[in-house]
Structures are given as C-alpha cells and as structure tokens.
Amino acid sequence: MIEAIEKNLRRGIQLLNCISDNEYSNTTIAPYYSSIGGHMRHILDVFDCVFEGLEAKDINLIKRKRNELAENYTKNGIEYFEIILANLQTLKTQDFNIIVKVTDDLGLGIITANYTLSAILIQAHSHAIHHFASVGYVISQLGIQLPDEDFGFNPTTPRVKSAT
C-alpha cells in the first residue's frame, strides 16, 4: 500500500519539477478557477492530517493547514511532497488494522467514524488520484503535458484508446 501511494505522489513531484510558479498558481481556468498548487496543497493536507492525528488515533480532516507557500510556489510544493513521503516511510512498520477516529464535515455537519489506518490511507490515496485528474484538466487547458500517462487515472478506471 505504501509503495503505491508513494508512486502516485511522486507523479506530483514530477509535474512540479516541469512547471513554473506562474503555471502552478494560475487560477484562470474555468469552471472552478482552482490552481494546480491549490489541488496539490489540498492533497497533501489530507495526508498531513493523517500524520498529525495518528499518535492520538484521532484524525481530523477539517484541521488542514492550508499552507499558502506550498500552494503558490513549486519549491514549497515539492518540499511538502517530500515531508509527506518521509512520513509515509515511517508507516511501513505500523499495524494497518489499528482503529483511528476520523472526523470530517460532509456538508451537513461534522461526523466522526472509526476507520482502520489502512482505510484512511486508501481514502487519502483515492482522493489524491481524484485531484490529480482535476489537475490534468487544468494542465491540459494551460498547454502543459501530463507527467506520465497514468497521472490522474485510478487503476480500475477503464480507458478509451484514442485513434492515432
């Protein structure tokens, strides 16, 4: 599980190494006007919430840090990715079946539920893929090439082969 998450997050670093700060922070693309950096920071904030709450077994997804530097500058975004990847390495010896409380606001109020550590990591990973797909739309509109053909694709998503 950790290897798959790391592989996916490294795609984000690969992208950030190839774009400018202006491209990273560009908020001109409709319909949501969200930047690549906004998506990247949000992805990493979810993982950060996991690490912040893991020792107490109380993960609060509402308490995201929303680091503006990581959202607006590729250098800071890459640093945030590296912190998350280093924290993932520390989990390799964890019991993934431990129960943790996870709190979030689902839109109609705050909910707390019991998860296993593996369940919240799977959720964070799927969430990252979902946001990478949104980033894929933004970068296509900006004329930037995807870092690789799997960027933003869930492994279970059927793919339509384009005519060449």
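Select K101 first: N114 in β3 stands opposite K101, and D58 has K101 as its bridge partner in β2. The model is predicted, so local features need pLDDT of at least 70 and side-chain atom pairs count only at pLDDT 80 or more, while totals for chains, interfaces and linings use all residues. Residues are numbered from 1 along each chain as its sequence is written, and side-chain values use heavy atoms, with hydrogens and water left out.

Next, select the strands. Strands (E, at least two residues) and helices (H or I, at least four) are DSSP runs, numbered from the N terminus. Two strands pair if DSSP finds at least two bridges between them. Strand β2 (residues 99-105) runs antiparallel to β3, and seven bridges join the two. At I99, look across to T116 in β3, which stands opposite. Then go to G107, in the hairpin of β2 and β3: four residues lie between the strands, and G107 takes a positive phi near 110 degrees. On β1, the pairing with β2 is parallel, over three bridges.

Now show the whole sheet. The three strands form an open sheet with mixed pairing, in the order β1-β2-β3. Because β1 (58-60) and β3 (110-116) each have a single partner strand, they stand at the edges, and one side of each is left without a neighbour in the sheet. On average, neighbouring strands of this sheet are turned by 25 degrees against each other, direction ignored.

Axes are lines fitted to C-alpha atoms, for helices over the stretch in contact, and angles run from 0 to 180 degrees between N-to-C directions. Contact means heavy atoms within 4.5 Å. Helix α3 (residues 36-54) lies across β1 and β2, and runs at about 150 degrees to β1. Helix α6 (residues 117-141) packs on the sheet and touches β1, β2 and β3, its direction making about 115 degrees with that of β3.

Keep α3 and α6 in view. Their axes come within 8 Å and cross at roughly 170 degrees. The two helices are therefore roughly antiparallel (an angle over 145 degrees). In the contact of α3 with α6, 16 residues are nonpolar, six are polar and none is charged. Nonpolar here means Ala, Val, Leu, Ile, Met, Phe, Trp, Tyr, Cys and Pro; charged means Asp, Glu, Lys and Arg; the others, Gly among them, are polar.

Last, select the cysteines. C49 is buried, at 4% relative accessibility, whereas C18 is exposed, at 62%. Buried means under 20% relative accessible area and exposed over 50%, with partly exposed in between (1.4 Å probe, protein chains only). Counting pairs of cysteine sulfur atoms within 2.5 Å as disulfides, the count comes to zero.

Conventions: Angles under 35 degrees count as roughly parallel, over 145 as roughly antiparallel, 65 to 115 as roughly perpendicular and the rest as oblique.
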